[in-house]
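Here is a short tour for someone meeting this structure for the first time. Have a look at it, and then we'll go from the whole chain down to a pair of neighbours.

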Amino acid sequence: MHLSAILPTRPALICQIYNRRVASDVKISLMERYPASHPITLVRAAGVDGDEQVWTVPLHEIDHQDALDH
C-alpha cells in the first residue's frame with residue numbers, strides 16, 4: 001500500500017485483508033494518517049448471498065476480528 005496515496009479527507013477502499021497479519025500491517029500504515037478510533041467498515045464475502053457480512057470497528061481493532069478470511 002502506498003500511504004502517500006491515502007488522503008484522510010477522502011474515502012479509501014483497501015481490498016484483500018484476509019488474515020490478522022495483513023490486517024495488522026494495514027492498521028499500522030493507516031494509523032500514520034488516521035486516529036486509532038477512526039471507524040473502519042469491513043465487508044466479508046461481498047455480493048455472496050447468505051454469506052455477506054458488513055460491520056464497523058475502530059481502526060485499532062481491525063486486526064482483532066475473527067471473520068477475516070478469503
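What pLDDT does the chain average, and what share of the residues score at least 70? This is a predicted model, and its average pLDDT is 92, with 94% of the residues scoring at least 70. Where pLDDT is low, the predicted coordinates should not be read in detail. Among the elements, helix H1, which covers residues 20-30, has the lowest mean pLDDT at 95, while strand S2 has the highest at 97.

**The whole chain**

As for overall dimensions, the C-alpha trace spans about 35 × 20 × 20 Å along its principal axes. The radius of gyration is 12 Å, which agrees with the value near 11 Å that a compact globule of 70 residues would have.

How much of the chain is buried? Buried residues make up 24% of the 70. The accessible surface comes to about 5000 Å², and 51% of that belongs to carbon and sulfur atoms. If you take the contacts with a separation of 6 or more, 46% of them are between residues 24 or more positions apart.

**Zooming in on Asp63 and His64**

Now for the pair. Asp63 lies in the segment after S2, and His64 is also in the segment after that strand, which runs over 53-58. Are they buried or exposed? Asp63 counts as buried because its relative accessible area is 12%, under the 20% cut-off. His64 counts as exposed because its relative accessible area is 53%, over the 50% cut-off.

| Side chain | Partner side chain | Distance |
|---|---|---|
| His64 | Asp63 | 3.5 Å |
| Asp63 | Lys27 | 3.1 Å |

So who else do they touch? Leaving aside residues up to four places away in sequence, Asp63 touches Arg20, Ala23, Ser24 and Lys27. With its neighbours within four places set aside, His64 is in contact with Arg20 and Lys27. Helix H1 spans residues 20-30, and Lys27 also has the polar contact with Asp63 shown in the table.

Technical notes: Residues numbered from 1 in each chain as written. Predicted model: local features only at pLDDT ≥ 70, side-chain atom pairs only at ≥ 80, totals over all residues. Heavy atoms only, no water. Helix = DSSP H or I, 4+ residues; strand = E, 2+ residues; numbered from the N terminus. Buried < 20%, exposed > 50% of the residue type's maximum accessible area, 1.4 Å probe, protein only. Contact = heavy atoms within 4.5 Å. Polar contact = N/O pair within 3.5 Å; in protein donor to acceptor, adjacent residues only side chain to side chain. pLDDT = per-residue confidence, 0-100. Rg over C-alpha atoms; globule rule 2.2 N^0.38 Å. Areas by Shrake-Rupley, 256 points an atom, 1.4 Å probe, with all protein chains shown as cover.
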